[in-house]
Amino acid sequence: MPHESSGKKHGCGCGKHQAKPPSEHKDPVCGMTVSPASAAASCEYKGMKYYFCCPGCLKKFSGNEERYLTPAVKPPAIELPIVIPPAASAVDPVCHMTVDPASAASSCEYKGTKYYFCCPGCLKKFSGNEERYLHPDDSVSPPSKPAPAGAEFFCPMDPEVIQDSPGDCPKCGMALEPRAGSSATGDEEMKDMLHRLRVGAFLAVPAIVLGMLEHTLGHKLHESIPSDFLHWMLMLLTAPVIFLSGSIFFQRAYKSLVNRSPNMFTLIGLGVGVAFGYSAFATIFPAAVPAAFLLHEGAPVVYFEAAAAITILALLGQVLELRARAKTTSAIRALVSLAPKQARLVHADGREEDVAIELVKVGNTLRVRPGESIPADGAVLVGTSSVDQSIMTGEPLPVVKSSGDKVIGGTVNGTGSFTMKAEKVGKDTLLSQVVELARAAQLSRVPIQSLVDRVAAYFVPGVLLTALLTFAAWAVFGASLSQALLCAISVLIIACPCALGLATPMSITVAIGRGAQAGVLVKDAGALQALETVDTLVVDKTGTLTEGKPTVDTVIAGAGYDEHTILALAAAVENQSEHPLASALLAAARKRGLSLATVSDFASIPGKGVVATVGGRQVAVGNLKLLNDLSITAVGFMARADELRRQGHSTFYVAVDGWTAGLVSVVDPVKASAKDAVAQLQKQGMRVVMLTGDGQSTAEAVAKQLGIKEVIADVLPTEKAAVVKQLQLEGRRVAMAGDGVNDSPALAQANVGIAMGTGTDIAIQHADIVLVQGDLRGIVKALNLSRAMMSNIKQNLVLAFGYNLLAVPLAAGLLFPVFGLLLSPMIASAAMSLSSVSVIANSLRLRNSKL
């Protein structure tokens, strides 16, 4: 029922219903009586306040108020928790059986109420899922497991092909695999292929043995087993292998032809189909077989065992590929598995409760216990602990976190306990963004892939033509038509472009996962390729090279004052100011335990400083222009101020009652890792240019500390992109690193945009690569990753092209006249599978790359 502070009648107008006393109200959704002091949730509607027993009731009420407040329209369902009857019996909340408390198999207490169970199994189900069984119809009660994300499957060769269920790519025929972060695992495809392989192998092995015996023993075997009977036996053994276990290859081959996109399955389907089709024809109609296809004994040549072996080896290759490809996204899947399922919510009254992670809101106070995953991005409120951030940032050692320090959702707490304030939850957390970036990167392509695609478009038709020419050449110049058919089939099988198609996407996927492990998030795979060719790095100063958090460095007091007094006066005045440096003064005053006096008559002079009255004295804090306007001289402080500015400090004067009383300098500390990062980049031949809107003297002071020789200062935000463009016009390949909104145009203009993960969301959106820690050494890692990936792709292409260049002529029999070498279809099929696995295995080496 609504709460009316006036204590008057309810708003129904009947005058019969008196308001309940303020200490007792009814939840308008479930009808439970709740106390305002302990209500789980509340809201105001049409001037009246309503209280709820749980957030689920509030969610149902919001947007459906009249439904629950006007029963005549639609009476709300009364959802009461299952409670113990007052009699000597109880209801099992899981199976709803009536049980005797005295003889119940199990019992437990939850929220002050005891529940009894018919068996230990019901107790096990109930534990950890209490609200699910007590409020079975409450759609927002905390679930035991979070709802799975939407399953999405994509093709590793053609990543633009996406669907919500497993299957085959309509373009290349490959099995679709789940994207990073998807709820799907791809196990269905693996199970299907394993089942096909096991059933097929059971029948194929005896067929292969019989076929090989026929080829080796020939007429001796036919003396015991007539050739026609043997061929019928082979056909009956291999038919299930071909049309049941191997049906997947014919389905994919058919799709490739229908979609006019010939691929490796086109070649497998044709090779197996021709081998089995001819053999079946020769078995059923032996009299119709040309003499050139007959053995000396007059029996036709059949290739049942070859068709079966090719099918089994192709299935084995698919299983090996699926297993190897599953490892390519292992780093991303490791990140996904870090997402906690529950969080420990601390209520305003100090009560703590485990809730589903979906119910955590921004601003909630959460407790993180030892060994738990941190449930959201936020800041530590109370407590100290060490946090393992290695999976997110690449830091090898745990980082000590205390009050005020930022923590990342998904990272693992050490032995301490602390409370934190949730600042980013759900899809806004860094962990979720990492997964989304990986998903987007999986769908991107590197430019080198375009070359591979163009080659592949002509590859399959070329193989088909080669197979026909092989058959024709052997038919004309060879010993028999049977040998011509065998060589043509070998060409079709061994030239399957699987390895060629996997060469690039496998390297990209593994590289993206490796980068995520090291705190380098790749949003566009094309940018990762472009980074290899970058020769100039343009880097912002504030927040990129420096911490971006100004701190008070020096306080100089004049005669009659001390440092504490000068700092206290300046902080008191700046407490009213919105100037960025004001926070540095206030932080310094708090750190020293200074109390700030009351301020009056505050006035801000843009571009100069502030003036106010503090304790009856007029205090001015600002630059030399402010002192000149107030006719105050800075003699005795100007030389020191100039020296500090040359060191990169920002300085301002503090004047009291018309006299300069002191000088305060604020500095933005250089990041501890920046100097080492710049040195490493320069050692690798990178030209490093500082681009900043700060003054020339400050910028040069920072550049001197870091060893940067080129500085472009006093640049407006709109001019940064123009500077990058000018460098590009000079023939430079430019990467831009920044963290602020003002860096966004330059990040977009650069060949590669690199944003600090500690920077603004807009900068991150415009960047191609994001450094989680905001550490410039991440650029070194990204550069090394780019070079490792491109080297790996080139190695894969050499393996794929080299394999085909060597194998196709061998299969066609070009070496037979000189060396007597021929390649049987079975050997060709094994070589085809191993070529794909070799490319994947080489790609997996990137997981261990040293960045």
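The pLDDT is the predictor's confidence in each residue, on a scale from 0 to 100. The structure described here is a predicted model, in which local features need a pLDDT of at least 70 and side-chain atom pairs count only at pLDDT 80 or more, while totals for chains, interfaces and linings use all residues. Residues are numbered from 1 along each chain as its sequence is written, and side-chain values use heavy atoms, with hydrogens and water left out.

The chain has an average pLDDT of 74, and 71% of its residues score at least 70. Helices (H or I, at least four residues) and strands (E, at least two) are DSSP runs, numbered from the N terminus. Confidence in the chain is highest in strand S14 (residues 365-368), at 92, and lowest in helix H12 (residues 390-393), at a mean of 57. For residues 71-88 the pLDDT falls below 50; this stretch has 35 contacts in the model beyond near neighbours in sequence, contact being heavy atoms within 4.5 Å.

Turning to the strands, pairing is assigned if DSSP finds at least two bridges between two strands. Strand S7 (residues 106-110) and strand S8 (residues 113-117) are antiparallel and share five bridges. Together S7 and S8 make a hairpin with two residues between them, and Lys111 in the turn has a positive phi of about 55°. Opposite Thr113 in S8 stands Tyr110.

Six strands build an open sheet with antiparallel pairing, in the order S23-S28-S27-S26-S25-S24. At its edges lie strand S23 (551-557) and strand S24 (599-605), each pairing on one side only. From one strand to the next, the twist averages 20°, with axes fitted as lines to C-alpha atoms (for helices over the stretch in contact) and angles running from 0 to 180 degrees between N-to-C directions. S23 is joined to the antiparallel strand S28 (residues 659-667) by six bridges, and Ile556 has Leu663 as its bridge partner in S28. Helix H21 (residues 638-646) packs on the sheet and touches S23, S28 and strand S27 (650-656); the direction of H21 makes about 155° with that of S27.

Ala674, Ala677, Val678 and Leu681 are buried (under 20% relative accessible area; exposed is over 50% and partly exposed in between, with a 1.4 Å probe and protein chains only). These residues lie on the same side of H22 because they cover an arc of only 95° around the axis, taken from the directions from the helix axis to the C-beta atoms. The buried residues of H22 pack against strand S22 (536-540), strand S29 (687-691), helix H23 (696-706) and helix H27 (777-812). Lys675 and Lys683 are exposed on the face turned away from the buried side of H22.
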